[in-house]
Amino acid sequence: MTEMNENPLDLLPEVLLAASAVLGLLLGSWLPRARQWAVGLLAVVACVAGIVAASVAAAEPATTAFGEAFAVDPVTAASRIVVLGGTLLVLGVSFRPLRGDPRESEFYVLVQLAALGALMMAGTQDLLLFAAAYLLASIPAYTLAGFRKDGPGTEAALKYYVVGALLGVLLLAGVTVLYAAGRATLYPMLGDALRDAPEPLVAVGAIGLLAGVLFKAGGVPAHFWVPDAVQGSSAPVAALLTTLPKIGALAALFRVGGAVFAGSPLPWSALIAVLAAVSMTLGNLGAFFQQDVKRLLAYSTISQVGYLLLPVAVVDRSDLAQQAFLYYLAAYTVTNLGAFAVVCALPRAHTLDDYRGLAKDRPLLAASLVVCLLGLVGTPPTAVFLGKLQAFSAVFDGGYAWLAVLAAVNTVASLFYYLRWIVPAVSRGDSPGPAEGDRTARVVAYAATVISVGLGLAGGPVLDALAGPMSP
């Protein structure tokens, strides 16, 4: 146990986001409806300041805060930048459709609170703090799913909440069982204690914890809410649900795997490897014949969880795992949000056929769509290509060659359903309809595309920056 460190500056990005959310809630109560956009602008400022603070902290040696309960290391730093950057993109595609909405300020506050929960999940090293962060990331997301108060939104929120409540209870039960087995909540102490704990007790606790984390990440077998919640919610909310909670949950799972279960009697690596294989395969199978674009992206994000779990499975078996995981996390986030930004820019286009003729009238938007969809496949020079290459190398280095082969096969198979969207977009036909009211979403789509390609081209320096030991 290190000396207690209670310096709030160690959590400056989180503090800035929390302060912005609270201040935004107060401002929203007093500002007239026509000026509610100021709350969104405040959220943007908080995210930018948080990214700067996280970048500065990333240059410092790995440390812990608040009695080792929170880690400040490369995993936390990268997760902070990715979550806050993703939040900026989500806010960008939300400004136009929410302008003048009676609950505009509440939307921005809920987005920030959901992002704050993801940040806390990524950095925590304590089971109790993780449980609190999990709830903080969940409750605002339930509200956002039904924010439109229409039929599809209500159904999306109900399914999301019911599944989340069930698996959230399992997570809390798993936390309780693990505490009973190890008599500790801090990850380093718990990991040491579980080496001598009864294996059945550890297994029950691990399964409960894993159930909640997989729900938040949208991975198999806790993925049933994803297609309906994404399809029923608005496009900006769907973009949030498929990225921000996933970042925090998978970063937490990466940390738990390395600090708690690496030396336990459980076959942890094998279990995560199987879940990765099942997630990427079932996600691809579900996406093959979808017609609704949001539903297709929902199944796509399930399959992407499988690829993101590859380095998680070998966190204690390969030195390549950390860099591969963090890089892929950033690559997936910006590329997925780029695809959703195109969806937000064309609110009248709901099915694949609705995108027919897009390249003729809006070539830049069509190019962004093509780059992002091919990027999700893993086509060079996009960032996901290098991310997948690193992930495949990590699992091969970790002794799971079969998983690398299966991931490669699934990558080739995923090209089929992405092409089902790309072909109409570049074919002749009627335009998907006017998009003048969504210029901000188009700018976000262009920016995400550029970042995805730029991140891929600058892969070497970025990977070097992601190296470094996690907090002890």
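These are my notebook entries on a predicted model of one protein chain.

**Ground rules**

I number residues from 1 along each chain as its sequence is written. Since the model is predicted, local features need pLDDT of at least 70 and side-chain atom pairs count only at pLDDT 80 or more, while totals for chains, interfaces and linings use all residues; side-chain values use heavy atoms, with hydrogens and water left out.

**Entry 1: confidence**

I looked up pLDDT (the predictor's confidence in each residue, from 0 to 100). The protein chain averages 92, and 97% of the residues score at least 70. I then went through the helices (H or I, at least four residues) and strands (E, at least two), which are DSSP runs numbered from the N terminus. Confidence is lowest in strand β1 (residues 63-65), with a mean of 88. Helix α13 (residues 293-313) has the highest value, 97. A reminder to myself: where pLDDT is low, the predicted coordinates should not be read in detail.

**Entry 2: a nonpolar patch**

Next I looked for surface patches, built from residues with over 30% relative accessible area and no salt bridge; like charges are joined within 9 Å, and nonpolar side chains (Val, Leu, Ile, Met, Phe, Trp, Tyr) within 5 Å. Accessible areas come from the Shrake-Rupley method with a 1.4 Å probe, and for residues only the protein chains shown count as cover. I found a nonpolar patch of about 430 Å², made by V274, V278, L282, L285 and W402. Helix α12 (residues 268-287) gives the most to this patch, four residues. V274 sits in helix α12. For burial I use these cut-offs: buried is under 20% relative accessible area, exposed is over 50%, and partly exposed is in between (1.4 Å probe, protein chains only). V274 is partly exposed, because its relative accessible area is 43%.

**Entry 3: salt bridges**

How many salt bridges does a search of the whole structure find? I count a side-chain nitrogen of Lys or Arg within 4 Å of a carboxyl oxygen of Asp or Glu, and the search gives eight.

- R80 pairs with E14, with the closest N and O atoms 2.9 Å apart. This pair links distant parts of the chain, R80 being in helix α3 and E14 in helix α1 (residues 12-30), 66 residues apart. R80 is buried, because its relative accessible area is 2%, and E14 is buried at 3%.
- R148 and D150 meet at 3.3 Å, N to O. R148 is partly exposed at 42% relative accessibility, and D150 is partly exposed at 26%.
- R195 forms a salt bridge with D192, with the closest N and O atoms 2.7 Å apart. R195 is partly exposed, with a relative accessible area of 45%.
- E155, K159, D228 and R295 are linked in a network of salt bridges.

**Entry 4: the end of the chain**

I checked P469, which lies in the segment after α20. Is P469 buried or exposed? P469 is exposed, because its relative accessible area is 63%.
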